[in-house]
Amino acid sequence: DRPVSGDRPVSGGPAVAHDVTASGDVPVELIADAGGVLDRFLAGITELEALPLPRHCIVGGFAVIVRLARAHRATADLDAVLESDAAGASATELVVAARLTRDPRGRLLLPNGTRLDTIDVGPLDGDALPDDPSDRMFVLAHRYALRTATPTSVALVERDGNPRSGAVTVPIAVPAALVAMKLQSIPRRRG
């Protein structure tokens, strides 16, 4: 357990699962961090889900935290894959037009201030895939994440197990897709 304070990334706290939601889902219950980062993420996800979104899913650090049911690494933002339409209209720009703003560095902000990084993916067309193997893997891994994401209920509990928030249900990438995205990103980060 390594809870953090202030506006720093969350990096600690085991999770437990119990209690069934009204829809019959068993939520993943994450132990709330002292700094409120997970509270902000769940509030941000609630705001995100209220937008007129195309098909989408949560990926990145928060998705890994949920799939492991344990906050294992620091993350300071939410990452989402959004499906663009066949005409190539940017799903991210449609979402921005709905209610999002940008911070001074141009990053998307949800209404509660949570930073949102988005990746648009279009319809999969084998003929239109990039020739570069790294770029091709990027496209395929993110498309796979979108196609296989499952609705997942997430709630926060206090360290003593008492509920801190109601469950929020959001499509989250499955573990295999998270691994595929991580594997394709390793060579890019090494330069």
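Guide: Helices (H or I, at least four residues) and strands (E, at least two) are DSSP runs numbered from the N terminus, and the expected span of a helix is 1.5 Å times one less than its number of residues. This is a predicted model, in which local features need pLDDT of at least 70 and side-chain atom pairs count only at pLDDT 80 or more, while totals for chains, interfaces and linings use all residues. Residues are numbered from 1 along each chain as its sequence is written, and side-chain values use heavy atoms, with hydrogens and water left out.

Visitor: How many helices and strands does the protein have, and which pattern do they follow along the sequence?

Guide: The protein has 5 helices and 9 strands, and their order along the sequence is β-β-α-β-α-β-α-β-β-β-α-β-β-α.

Visitor: How is the length of a helix read, and what does helix H1 reach from its first C-alpha to its last?

Guide: The C-alpha span is set against the expected one: H1, residues 37–50, has 14 residues and reaches 20 Å, close to the 20 Å expected at 1.5 Å a residue.

Visitor: Which residues of H1 are buried?

Guide: An α-helix has 3.6 residues a turn, so residues three or four places apart point the same way. Taking buried as under 20% relative accessible area, exposed as over 50% and partly exposed as in between (1.4 Å probe, protein chains only), the buried residues of H1 are Val 37, Leu 38, Arg 40, Phe 41, Leu 42, Gly 44, Ile 45, Glu 47 and Leu 48. Across the protein, 42% of the 191 residues are buried.

Visitor: Which residues have the most contacts inside the largest nonpolar core?

Guide: In soluble globular proteins, nonpolar side chains tend to be buried together. A nonpolar core is a set of buried Ala, Val, Leu, Ile, Met, Phe, Trp, Tyr and Cys residues joined through side-chain atoms within 4.5 Å; here the largest has 41 residues, and Leu 30, Ile 58, Val 59, Phe 62 and Leu 116 have the most contacts inside it. H1 gives this core its largest share, 6 residues.

Visitor: Which residues does Val 59 contact beyond its neighbours in sequence?

Guide: With contact meaning heavy atoms within 4.5 Å, and leaving aside neighbours within four places, Val 59 meets Asp 79, Ala 80, Val 81, Ala 145, Ala 173, Leu 178 and Met 181.

Visitor: Is His 142 buried or exposed, and what does His 142 touch?

Guide: His 142, in helix H4 (residues 133–148), counts as buried because its relative accessibility is 4%. Residues up to four places away aside, His 142 touches Val 81, Ile 119, Val 121, Met 181 and Gln 184. Arg 136, also found in H4, counts as partly exposed because its relative accessibility is 30%, and under the sequence limit of four places Arg 136 touches Leu 129 and Pro 130.

Visitor: Where does Ala 69 lie, and what is its phi?

Guide: Ala 69 lies in the loop between helix H2 (60–68) and S4, where, just after H2, this residue takes a positive phi of about 55°. Glu 29 is 40 residues from Ala 69 in sequence, yet their C-alpha atoms are 7.3 Å apart.
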